[in-house]
Amino acid sequence: MVDKNAGGDARILDIAQIEKMPKKIPEGMTELSVYIDKDVKLRFKVACTKQAKSMGEVVNTLLKEWLQTNE
């Protein structure tokens with residue numbers, strides 16, 4: 001990743017710097033942390049990638065469907 005705010009000289013950011021960068025959460029969204037099996041996450045990520053969808057997009061859709069029948 002290139003730091004575009006490095007003045008005239010672009011420099012490469014290392015992993016530690018990237019991890020310290022604040023997350024940009026889209027307006028109207030919030031973050032949800034859950035613990036799931038490693039295998040389930042990997043399979044989910046692969047399936048989402050195959051469909052060109054983000055994991056967040058799919059989780060949001062699934063939660064809305066679940067709420068329709070459980071609220």
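Accessible areas were computed by the Shrake-Rupley method with a 1.4 Å probe, and for residues only the protein chains shown count as cover. On this basis the protein exposes about 7,100 Å², of which carbon and sulfur atoms supply 56%. The model is a predicted one, in which local features need pLDDT of at least 70 and side-chain atom pairs count only at pLDDT 80 or more, whereas totals for chains, interfaces and linings use all residues. Residues are numbered from 1 along each chain as its sequence is written, and side-chain values use heavy atoms, with hydrogens and water left out.

The protein contains three helices and two strands, these being DSSP runs numbered from the N terminus (H or I, at least four residues, for helices; E, at least two, for strands). From the N terminus on, the elements follow the order β-β-α-α-α. Of the 71 residues in the protein, 6% are buried, where buried denotes under 20% relative accessible area, exposed over 50%, and partly exposed the range in between (1.4 Å probe, protein chains only).

One salt bridge is present in the structure, the criterion being a side-chain nitrogen of Lys or Arg within 4 Å of a carboxyl oxygen of Asp or Glu. It joins Arg43 to Asp39, with the closest N and O atoms 3.8 Å apart. Both residues belong to helix H2 (residues 38–50), in which Arg43 and Asp39 are four residues apart, about one turn of the helix. Arg43 is exposed at 56% relative accessibility, while Asp39, with a relative accessible area of 47%, is partly exposed.

Helix H2 also holds Val40, a partly exposed residue with a relative accessible area of 38%. Together with Leu32, Val34, Ile36, Val59 and Leu63, Val40 makes a nonpolar surface patch of about 520 Å². Patches are made of residues with over 30% relative accessible area and no salt bridge, like charges being joined within 9 Å and nonpolar side chains (Val, Leu, Ile, Met, Phe, Trp, Tyr) within 5 Å.

In the loop between H2 and helix H3 (55–70) lies Ala52, which has a positive phi of about 55 degrees although it is not a glycine. Most residues other than glycine have a negative phi. Ala52 is exposed, at 72% relative accessibility.

The largest pocket is lined by 23 residues, among which Leu32, Val34, Met55, Gly56 and Val59 lie nearest its centre. H2 and H3 are the elements that give two or more residues to this lining, and the largest share, seven residues, comes from H3.

Notes. On a 1 Å grid over the protein atoms alone, a cavity is a set of points where a 1.4 Å probe fits but cannot get out, and a pocket is an open set with protein on both sides within 12 Å along at least five of seven lines; lining residues have an atom within 4 Å of a point.
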